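Me: I've got a model open and I'd like to talk it through. Can you take me over the fold and the ligand site, one question at a time?

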Amino acid sequence: MTTLAFLGLGAMGDPMAAHLARYAAASGLTAHVWNRTDSKAQAHARAHGSSAVTLEEAAGADVIFTCLPTSAEVSEVLSVMEPHLNRGAVWVDCTSGHPQAAPAQRERLAARGVTLLDAPVSGGTAGAQAGTLTVMVGGPADALEAVRPHLAFAGKVVHVGQSGAGFAVKAVNNALLGVTLWATGEGLAVLARAGVDLGAALDVINASSGRSNASQNLIGQRVLTREFPATFALGLLAKDAGIAADLTGEVRGSAPLLAQTAALLRAAERVVGADEDHTAALKLIEQMNDVELK
Ligand code: NDP
């Protein structure tokens, strides 16, 4: 019987694994879950009918999903699981990982007969709960076709190229999120200093050419309300923008705006806090301008 294992039950992984468990139950498959803090895996098993297992047991699955903070944690769990892997399995890494980590991980897994797909996701915790995530996949197309039916948390799946391409697309996407979030924050800080009502300004921007996801959703719902709900950590966004900057260097490209944004988000992470919601980066802009965006 096909066994699916999901490793990493964080803000994204927990609801993604819930979809996987529901799909497995409906399809006569087995769903295993593992989490560093075991109590979360036990709670997941109780709530969704999955089975909480050890890393060694998870390694025996036919399809292994990971959703961990960075590629470094994926390499850590890989080291433990390596001797126990099942030849012919596919490892689907949904972490927003680093393209430079993919070749070494791919080789280690290939030596055990396991195929690696980098498959980061977009859509936030709301998309994970709804099962409507966009998945950007790098790696062999035939391996993607083999696991495609198991991507129970996905609304849209796009094969973007060879191994590492999924990580690259995700990093650039999130760097663009960083650019629009930061730039809109700067614009609103200037308007606040000019005495303009920010709700009215945002209303205009959202019906005009300056609009973005940051202006239409994030800033109105999270910043002007002063709620900053922590669904996607500032440290993770800074990490993603940093990966885009690393990628620029690796391909000898020129992307100064992305590099600048990565540096600004890193500064905000230090000043505001890595665990704060990513929209709290705008608190640094507030300090720079001595205004509050409300
Ligand atoms: P969380 O911080 O909510 O969860 C992190 C998970 O990784 C937890 O299960 C945590 O376990 C586990 N973990 C942390 N360190 C280790 C370690 N050293 N070894 C093993 N497990 C570890 O992160 P998210 O769910 O928000 O993010 C996960 C990935 O998804 C990241 O790459 C992020 O960039 C990406 N992402 C996040 C989105 C979001 O909106 N949050 C949207 C799209 C992508 P424990 O419970 O023990 O702490």
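Predicted model: local features only at pLDDT ≥ 70, side-chain atom pairs only at ≥ 80, totals over all residues.

Residues are numbered from 1 along each chain as its sequence is written.

Me: How many charged residues are on the side of domain 1 that touches domain 2?
Reply: Taking contact as C-beta atoms, placed from the backbone, within 7 Å, 13 residues of domain 1 are in contact with 14 residues of domain 2. Classes go like this: Ala, Val, Leu, Ile, Met, Phe, Trp, Tyr, Cys and Pro are nonpolar, Asp, Glu, Lys and Arg are charged, and the others, Gly among them, are polar. On that side of domain 1 there are six nonpolar and seven polar residues, and the charged count is none: no charged residues.

Me: Which element gives the largest share of the shell around the ligand?
Reply: Of its 25 residues, Gly 10, Ala 11, Arg 36, Thr 37 and Phe 232 come nearest. Elements giving two or more residues are helix H4 (71–81), strand S7 (121–122) and helix H6 (124–130), with helices (H or I, at least four residues) and strands (E, at least two) being DSSP runs numbered from the N terminus. The largest share, three residues, comes from H4.

Me: Why do the buried residues of H4 line one face of the helix?
Reply: Buried means 20 or more other C-beta atoms within 10 Å of a residue's own, exposed means 12 or fewer, and partly exposed is in between, with C-beta atoms placed from the backbone. In H4, Ser 71, Val 74, Leu 78 and Met 81 are buried. Going by directions from the helix axis to the C-beta atoms, they line one face because, seen down the axis of H4, they fall within an arc of 80°.

Me: Which exposed residues does the face of H4 turned away from its buried side carry?
Reply: The buried residues of H4 pack against helix H3 (55–58), strand S4 (63–66), strand S5 (90–93) and helix H5 (102–110). The face turned away carries Ala 72 and Ser 79.

Note on methods: Near = placed C-beta within 6 Å. Contact = placed C-beta atoms within 7 Å.
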